[in-house]
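Me: I am new to this structure and would like a close look at one part of it, the salt bridges. Could you walk me through them, and then show me what lies around them?

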Amino acid sequence: MINAPLTATLREETAAYEFLSGGGETGELIRSFNWDASALGPVNQWPSCLKTCIRILLTSPQPMFLWWGQDGIHLYNDACKALLGDKHPAAMGQPAAIAWSRLWEQLQPRFSSLMNDETVTAGTPLLQIVQQEGIYYHFNGSPIPDETGHIAGVMAIGAIADNSHPLLAYTKTDVSGFTRDLLHHFDDIIAQTGLTLVVNFDPVTPEIYIDRDMWEKVLFILLTNALRYTLQGGVAVRLSQEEGTLQLTVSDSGVGISHAMQTAIGERCLHSDAPKTGLALVDELVKRDGGAFEISSTVGEGSVFRITFPVGKEHLPADKVINGDAAIVYKLYPDFTPHQIAATRKLKQEVDDQRYRRLLECLPAAIYTCDKEGRLLFFNEAAVQLWGRTPQPGIDKWCGAWKIYQLDGTTPIRFDAIPMAQTIKSGRPVRGQQMIVERPDGRRRIVQPYPDPLFDANGQLVGAVNMLVDVTDQRANEEYISRMAAIVEYSDDAIIGKTLEGIVTSWNPAAERLFGYTAEEMIGTSITRIIPPDKLMEEPIILQQLRAGQRIDHFETKRVTKDGTLLDISLTISPVKDLQGNIIGASKIARDVTHQRELFSALKESESKYMQLAFKLEAMVEQRTNELVEANFYLRKSNQELEQFAYITSHDLQEPLRKIQTFAGMLYNNSKDVLSETSRIYIDKVMLSAKRMSQLISELLDYSRLIHVKDPFVETDLNDILVKVLNDFEVLIGQRDVQISICNLPCLMASPLQMNQLFHNLLGNAIKFSSPNRKPVIEIYAERLGVADIAAMPELDAGREYHAIVVKDNGIGFDQIYSEKIFQIFQRLNDRTAFEGTGIGLALCSKIAINHKGIIYATGVPDEGACFRVILPA
């Protein structure tokens, strides 16, 4: 602020310079400015080029401004002041970085280019100012050289744009900075309304193209909507990015939007022929640019408006995308003052006496008022907390609770019969009734209503005010005290109260039974009456500890009864405090432990016997453990020898079988002409038996190997395994015209060799036992087991996931009573002459499933088919 004498002095000095004359208000402002204290220095030392620029500026009817020197000292004329808005007059004589602080991050690179006489983007103005009426002024900057030829400043001349601002233009924009600048226009309004603006901007990609006019309009509509309908709390603006989408969220703590209103907004958005305003216009603008607009709102709690846009420019019309530098825009917003939103903030004026309202709001008790029809008019925050919901003023009647019950907790009370309704109907207060209020979340509170009628100046009933006192804790305390009294009364332990001087104040029936004195005999006397003479020194020590607030636990001592009997007693003594926390006495629990002491002595006597027995048992366990270790050693050795024996035996057995087959074949080939028909049949049976014996030995060897399988488990694609098995059966499948249906099988950690054996046996069985009455059909597929399925099979680990591999056929099937027998080795259900086989294949499948921590089971129906399910870990 410049004082008057200094201003007058400056006017006298500058009056001598003709180049400062005229210029209207801004000319007067320049002449009165204290330039001596600025970067430009005294006026008489200004260079002639600066004087010329100022003279042009003051006499030009066009809006012009000048940035002079490296600091860009800001000067402008009368034609420009209206375009500066609230920057005038504070911007005069200030460095451009201060005068244009909100835009300087964008303006500074262009200013530096002009000061360095560098080429700037053709057709891009230095600055674009938008008036309230939507008129655009372009300010093109020109470098001004001084007498030495160096650039000394930048002159900008404004001109009304002639269709230079297209109706639709998408420019690459720093959305965070642009949005933050727009929000500054709302700072004063938000402060005046007593609300809080919370801004939370996450980092976003710089490759964002937006129509800036659209973005400003959307943000303006969402913020004004939030300010109009938010009574307390605040408005939050969040900008974030998730993968390829940009999100702008405006949320408020306002009155919210009802479901019916949201439906109406949605209908307005759908009717494209109707003129769009407000939120419907936001929806139209956002969808035009490939975005989405969402509204979520809860009446009484607030609303959340979220718009989502794709980043980049691929989704935008190519002819509307500006790839070069866009104009830097300074926009003059229309006035948005608190009186413009006052009409929609009427809820703040529901109670005429604001001091009375504030008083009720501050009270911890739930208070609400109703009109004479029972409609709720006002309720404080404590009432909302008690009810667990925010009722709708003018709609909810009699009470804002969710449900109301009688004290039995099961009998509901009609709302028009509660004490508040009784008061309004009778015009008299109602007292002495309690009821249970249930919240929407199911929690309940017991309340004591205090409704009172309200009358106007003429004595006419206008409504009622009700205070709901929550007595839940009080009733709980009363019940607690009652229970404690019952515990004391019926306890088997002696419970005694005394003062800090040792005077007895309470004596329960158990104390009477234990010590023989009645309550009338003991209350008011000293507790030393039951203390033996040799234990009297304990009492002062106990009282001293109690005064220090210490608790005494399980103090074992002796006490004397009325008939002189000494008792072993365990005492627990606690200090008793008043409401202020002062220790005023003690509560003593005495338990007769005479019998326990006798038992303890007996226990100690037998303890040594138990210890001796424990040592013996420990020695026996150690001996048994050694025996088990030795047995395990020999068992492993025996298993190894058995495995070796099985291999050698099978190998040695195969050799004579091969000779039998070879010589029988030679005998048949060399002597078939001289052999009788009977002899040839015998030779065929010999060869067939040898072949079956060879197969039996091979499969038996495979089965024995699975007992101690050591195949490594690797990631195995069951689809590949199945393809190989199908190739093995290709000829047989063609001969029997088998139709096979296969669905995609999973990949498992398994032994590829064993999986090959598994599919080979299951598929071979399905083909072998096909029905002659119909075309064979085999289905092979996999299923993921659910939690319930796994729980139903105790053999499985409930903490793992499993696949079921299913092989289903329409063959001869089997009776379900044999579902376990078929997996036992050498067990067959069919005649060997009708169906070949050794009875080992399915036993082999069972072993493979067990080796993989799984199971196999089968279901069948005679002459309909069979289904084998192999359960394997995922």
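Reply: A salt bridge here is a side-chain nitrogen of Lys or Arg within 4 Å of a carboxyl oxygen of Asp or Glu. Please keep in mind that the model is predicted. In general, side chains of opposite charge can pair when their charged atoms come close.

By this rule the count comes to 24 salt bridges. How exposed are the two partners? Glu-25 has a relative accessible area of 42%, so Glu-25 is partly exposed. Lys-81 is at 24% relative accessibility and therefore counts as partly exposed.

The side chains of Asp-452 and Arg-431 meet in a salt bridge, at 3.0 Å from N to O. This pair links distant parts of the chain: Asp-452 sits in strand E19 (residues 444–455), while Arg-431 is in the loop between helix H15 (419–426) and strand E18 (435–438), 21 residues apart. Asp-452 counts as partly exposed because its relative accessibility is 25%, and Arg-431 counts as partly exposed at 42%.

A further pair is Glu-801 with Arg-784, where the side chains meet in a salt bridge of 2.0 Å, N to O. Glu-801 lies in the loop between helix H25 (787–791) and strand E30 (802–809), and Arg-784 lies in strand E29 (residues 777–784), so the pair ties together parts that are 17 residues apart in sequence. With a relative accessible area of 47%, Glu-801 is partly exposed; Arg-784, at 49%, counts as partly exposed. Salt bridges can also share partners, and in this way Asp-211, Arg-288 and Asp-289 are joined into one network.

Now back to Asp-452, to see one of its contacts. Asp-452 is touched by Ala-464, a residue of strand E20 (residues 461–470). Ala-464 has 0% relative accessibility, and because buried means under 20%, Ala-464 counts as buried. Leaving out residues up to four places away in sequence, Ala-464 also touches Pro-453 and Leu-454, along with Tyr-368, Thr-369, Cys-370, Met-420, Thr-423 and Ile-424. Trp-398 is 66 residues from Ala-464 in sequence, yet their C-alpha atoms are 9.7 Å apart in space.

Two other elements are worth a visit. Strand E23 (residues 552–560) and strand E24 (residues 566–577) pair in the antiparallel sense over seven bridges.

H24 is mostly covered, with 12 of its 17 residues buried. Among the buried residues are Met-755, Leu-758, Phe-759, Leu-762 and Leu-763, as well as Gln-754, Gln-757 and Asn-761.

Definitions and conventions:
Residues numbered from 1 in each chain as written. Predicted model: local features only at pLDDT ≥ 70, side-chain atom pairs only at ≥ 80, totals over all residues. Heavy atoms only, no water. Helix = DSSP H or I, 4+ residues; strand = E, 2+ residues; numbered from the N terminus. Buried < 20%, exposed > 50% of the residue type's maximum accessible area, 1.4 Å probe, protein only. Contact = heavy atoms within 4.5 Å. Pairing = 2+ DSSP bridges.
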